[in-house]
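Visitor: I am new to this structure. Please show me how to read its features, step by step.

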Amino acid sequence: MTDPTIRTATPEDVTGIRHVAERSWNAAYNGILDGETIDRALEEWYDPDQVREFVDRDEVTYLVAEDGDVVGYASGGPDGEGDGDVAVLGAIYADPDLWGEGVGTALLSAFERERRRAGDDAVRLRVLADNEVGIAFYRARGYEAVAEREDELFGERVAERVFRRALE
């Protein structure tokens, strides 16, 4: 794939974002999460009205990668836990057919630039401890694991790792 265009998401991108979410969640988490948990997460977190609401929020950085169609997205914003000038990367996914082709890296770089412009000094994120692909992706881009924790995801207990990287 040639370099995708990275731009701010618009309400017109909701269908494409949801399509990438469904494909990437099933590819990334099949075998890690129960199928019912995946379905519930997609249903709740990617409800069209909710995605549209987040796309429209000024404080949220919501980006899409496109190459004719939406092929990836990243979203996040200011830390809501009082951790100073830290942004939280809430989601970043690329279409699984394009994994390893630079879409995720381009999205992450653009997200970091936008959050730096917004005054953030670091990015923090959570990743499932069993998501080896995700962990390798973040480590290769300079993120360091700073904590481990347990959480509940739609009734399923999951182990997560918290990663952080200072922005330059």
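Guide: Start with a term. A nonpolar core is a set of buried Ala, Val, Leu, Ile, Met, Phe, Trp, Tyr and Cys residues joined through side-chain atoms within 4.5 Å. Keep in mind that this model is predicted.

Visitor: Which residues touch the most other members in the largest nonpolar core?

Guide: In soluble globular proteins, nonpolar side chains tend to be buried together. Here the largest core has 26 residues, and I17, W25, Y46 and Y73 touch the most other members. At least two residues each come from α1, α2, α3, β2, β3 and β4. The largest share is from α1, with seven residues.

Visitor: What does Y46 touch?

Guide: Leave out residues up to four places away in sequence. Then Y46 touches I17, R18, A21, W25, A41, V51, Y73, A91 and Y93. Another core lies apart from the largest one. This other core has 23 residues, among them L98, V103, L125 and F163.

Visitor: Which residues of α1 are buried?

Guide: Buried means under 20% relative accessible area. In α1 that holds for V14, G16, I17, V20, A21, S24, W25, A28 and Y29. They cover an arc of only 150° around the axis, so they sit on the same side of α1. Their cover includes α2, α3, β2, β3, β4 and β5.

Visitor: What follows α1?

Guide: G31 does, and its phi is positive, near 95°.

Visitor: How many residues has α4?

Guide: Helix α4 has 15, residues 103-117. Its span is 21 Å from first C-alpha to last, close to the 21 Å expected. Its buried residues include L107, L108 and F111. Just after α4, G119 takes a positive phi of about 100°.

Conventions
Residues numbered from 1 in each chain as written. Predicted model: local features only at pLDDT ≥ 70, side-chain atom pairs only at ≥ 80, totals over all residues. Heavy atoms only, no water. Helix = DSSP H or I, 4+ residues; strand = E, 2+ residues; numbered from the N terminus. Expected span 1.5 Å × (residues − 1). Buried < 20%, exposed > 50% of the residue type's maximum accessible area, 1.4 Å probe, protein only. Arc of directions from axis to C-beta. Contact = heavy atoms within 4.5 Å.
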